[in-house]
Amino acid sequence: MAAPGFSALRVVSVDRDTPEAVLLSLDAGNDPAFRFAHGQYLTFRHEVDGVELRRSYSICSTAPGGVLRVGVKRVEGGAFSTWATSAVHVGDVLEAMPPMGSFTHELVPEAARSYVLVAGGSGITPIYSIAATVLTVEPESRVTLLQVDSTSSSIMLLDDVEALRNQHLDRFRIWRQLTREPAGLPVLGGRPDEDSVTECLRRGMLDTEPDHVFLCGPEPLVELVRKVYAMHGLEDERIHTELFTAAQSGRARTRAQGPVDESVTPIGSGTAKLAGRSTEFWLYDGDTILGAVQRVRPDVPYACEAGVCSTCRAHLGKGTVEMGTTYGLVPGEEDAGYVLTCQAVPTTSTVNVDFDG
Ligand code: FES
């Protein structure tokens with residue numbers, strides 16, 4: 001049986017994608033909760049030696065009804081990714097939360113838009129889903145992909161991306177920048193930097209005024225491309241970002257699940273609404289909202305605990321908080337009252353949060 005907040009998904013195929021990566025296809029039955037939007041991700045849990053590991057992986061299929069498929073790349077020292085790339089077989093059952101994430105946008109079938117997609121390494125997984133979905137749902141839109149990786153043998157979803165190009169030759173163009181292999185075009189040699197990205201725009205290899213830019217990869221790449229587009233006057237709302245960081249590959253901290261020692265006095269309290277049910281919780285010194293809610297609601301969603309993935313996002317209805325890292329919030333969400341509960345330390349004695357909002 002799956003843990004609270006998780007569902008059991010059967011593995012229907014395991015395909016080797018690169019020497020370091022596999023593609024796992026999963027069957028969620030007819031559960032409508034597992035319909036997904038392009039760019040969304042699944043959060044998995046797995047226990048090793050009694051310690052819970054959680055990790056989010058982007059769905060790499062055409063939304064909303066494509067096969068539920070994720071790409072997992074083994075990272076150095078990553079306990080979850082090592083297990084997922086070597087010990088998961090067809091017929092196994094994985095525990096996953098329903099699709100989440102705001103690295104997506106509204107599709108308009110009659111639109112004729114220009115998209116620029118930039119993927120670094122395994123950042124191609126949500127970017128592939130975005131490209132495939134846009135090209136399918138918006139038949140007049142054009143997509144340009146800049147795919148950055150180290151070598152040709154490490155490129156994930158190479159066959160899928162090439163098949164997509166063959167299907168949409170007139171609307172889908174691809175540039176590849178391999179940091180450890182010689183490039184045909186000098187502008188695509190070595191690591192991308194401000195000069196090379198600016199030059200790509202100047203030459204028209206990347207549109208200067210796209211309707212939407214989607215960036216996914218390591219922070220330096222994402223920030224670099226975002227900065228260049230911002231310098232060219234592209235509004236924030238058109239630039240969508242998702243970071244892949246080492247913080248996401250880590251081991252979830254072991255947390256006190258039971259009641260705190262009776263001698264410790266709470267400093268506040270709150271109410272958390274989750275899955276339609278409201279539950280009261282106590283706040284102790286140093287608590288994040290996530291930590292406090294987790295004592296009373298083990299089904300509370302979270303994954304990276306680093307302010308990156310947005311799995312723990314909730315609407316703050318009452319009280320105030322201080323937050324550390326807020327990469328997981330998109331522009332405007334903080335002003336609209338959303339918080340990342342793994343980063344939110346209350347600064348008032350009462351806080352009410354709504355995970356359903
Ligand atoms: S758990 Fe990932 S942002 Fe909070």
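## Ground rules

Since this is a predicted model, local features need pLDDT of at least 70 and side-chain atom pairs count only at pLDDT 80 or more, while totals for chains, interfaces and linings use all residues. Residue numbers start from 1 along each chain, as its sequence is written.

## Domains

The protein chain splits into domain 1 (7-96), domain 2 (114-247) and domain 3 (268-354), with bounds taken from an automatic or database domain assignment. Between domain 2 and domain 3, the C-alpha centres are 33 Å apart. Five residues from domain 2 and five residues from domain 3 make up the contact, where a contact means C-beta atoms, placed from the backbone, within 7 Å.

On the domain 2 side that touches domain 3, there are two nonpolar, one polar and two charged residues. Here Ala, Val, Leu, Ile, Met, Phe, Trp, Tyr, Cys and Pro count as nonpolar, Asp, Glu, Lys and Arg as charged, and the others, Gly among them, as polar.

## Helix α2

Helices here are DSSP runs of H or I with at least four residues, strands are runs of E with at least two, and both are numbered from the N terminus. Helix α2 covers residues 124-137, so to speak 14 residues, and spans 19 Å from first C-alpha to last, close to the 20 Å expected; that expected span is 1.5 Å times one less than the number of residues.

Is α2 mostly covered or mostly open? Mostly covered: 12 of its 14 residues are buried, including Ile 124, Tyr 128 and Leu 135. Buried means 20 or more other C-beta atoms within 10 Å of a residue's own, exposed means 12 or fewer, and partly exposed is in between, with C-beta atoms placed from the backbone.

## The five-stranded sheet

Five strands make an open, mixed sheet in the order β13-β12-β18-β14-β16; strands pair if DSSP finds at least two bridges between them. β13 (277-283) and β16 (338-340) are the edge strands, each with a single partner, so one side of each has no neighbour in the sheet. From one strand to the next, the twist averages 35°.

Strands β14 (residues 313-318) and β18 (residues 350-354) run antiparallel and are joined by three bridges; His 315 has Asp 354 in β18 as its bridge partner. Helix α6 (residues 289-296) lies across β12, β13 and β18, at about 115° to β13. Axes are lines fitted to C-alpha atoms, for helices over the stretch in contact, and angles run from 0 to 180 degrees between N-to-C directions.

## Val 264

Val 264 sits in the loop between β11 (239-243) and β12 (268-274). Val 264 counts as exposed because it has 11 C-beta neighbours inside 10 Å. Val 264 and Asp 285 are 21 residues apart in sequence, and their C-alpha atoms are 9.2 Å apart in space.

Notes: Two residues are in contact if their C-beta atoms, placed from the backbone, lie within 7 Å.
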